[in-house]
Amino acid sequence: MLLIDGKATAASIRSELAGEVARLSPKAGRKPGLTVILVGDDPASATYVRNKERASREVGIQSEVLRLPPTASQLELHTNSGTLKGRDSVTRMLLQLPLLAGLVRRPCLDRLAPEPDLDGSTSGSLGQPSVGPAALTHCAPARLT
């Protein structure tokens with residue numbers, strides 16, 4: 001039986017990533033940035049997003065969370081996610097799922113631009129592996145290929 005120390009492995013990976021971020025950031029002229037859109041106050045989603053923020057900080061990635069209230073409408077979510085497009089600080093973004101009842105998932109995801117879509121959840125991102133290699137392999141489409 002092989003015993004794997006998950007915490008040590010994660011620390012090693014984060015250390016390696018921190019070195020890569022430090023090496024590549026000057027070439028890009030900025031640090032990479034992750035923006036997460038979080039709608040509502042679901043405890044599991046809040047924990048997941050907090051962990052993303054912490055992991056980002058540990059490797060030198062700027063982290064931002066756009067928090068929308070549980071009362072946010074489809075239009076408010078679309079408007080807020082649309083304001084993130086083209087912002088220099090947004091290298092990658094994702095919409096934290098699941099969404100609250102009443103919000104329709106596909107139109108919300110498709111408001112994100114395919115290029116910064118970290119999860120590969122937009123319609124444009126999902127089709128990318130079938131038409132050619134992407135600059136960044138997203139986790140969801142990578143599982144499909």
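A: From the N terminus on, the elements run α-β-α-β-α-β-α-α-α, which comes to six helices and three strands; helices (H or I, at least four residues) and strands (E, at least two) are DSSP runs, numbered from the N terminus. This is a predicted model, in which local features need pLDDT of at least 70 and side-chain atom pairs count only at pLDDT 80 or more, while totals for chains, interfaces and linings use all residues. Residues are numbered from 1 along each chain as its sequence is written, and side-chain values use heavy atoms, with hydrogens and water left out.

Let's settle on helix H2, which spans residues 43-59 and includes Ser45. With 5% relative accessibility, Ser45 counts as buried (under 20% relative accessible area; exposed is over 50%, partly exposed in between, with a 1.4 Å probe and protein chains only). Leaving aside residues up to four places away in sequence, Ser45 is in contact with Leu38, Gln96, Leu97 and Pro98, contact meaning heavy atoms within 4.5 Å.

A salt bridge here is a side-chain nitrogen of Lys or Arg within 4 Å of a carboxyl oxygen of Asp or Glu, and the whole structure has four of them. One joins Glu58 to Arg14, with the closest N and O atoms 3.2 Å apart. This pair links distant parts of the chain, since Glu58 sits in helix H2 and Arg14 in helix H1 (residues 6-28), 44 residues apart. Both partners are partly exposed: Glu58 has a relative accessible area of 40%, and Arg14 has 28%.

Glu58 also meets the side chain of Arg54 in a salt bridge (3.5 Å, N to O). Arg54 and Glu58 both belong to H2 and are four residues apart, about one turn of the helix. Arg54 is partly exposed too, at 37% relative accessible area. Together, Arg14, Arg54 and Glu58 are linked in a network of salt bridges.

Glu53 turns to another partner, forming a salt bridge with Arg67 whose closest N and O atoms are 3.7 Å apart. Here again distant parts of the chain are linked, with Glu53 in helix H2 and Arg67 in strand S2, 14 residues apart. At 16% relative accessibility, Glu53 counts as buried.

So what does the picture around H2 hold? Buried Ser45 has Leu38 and Pro98 among its contacts, Glu58 bridges to Arg14 in H1, and Glu53 bridges to Arg67 in S2.
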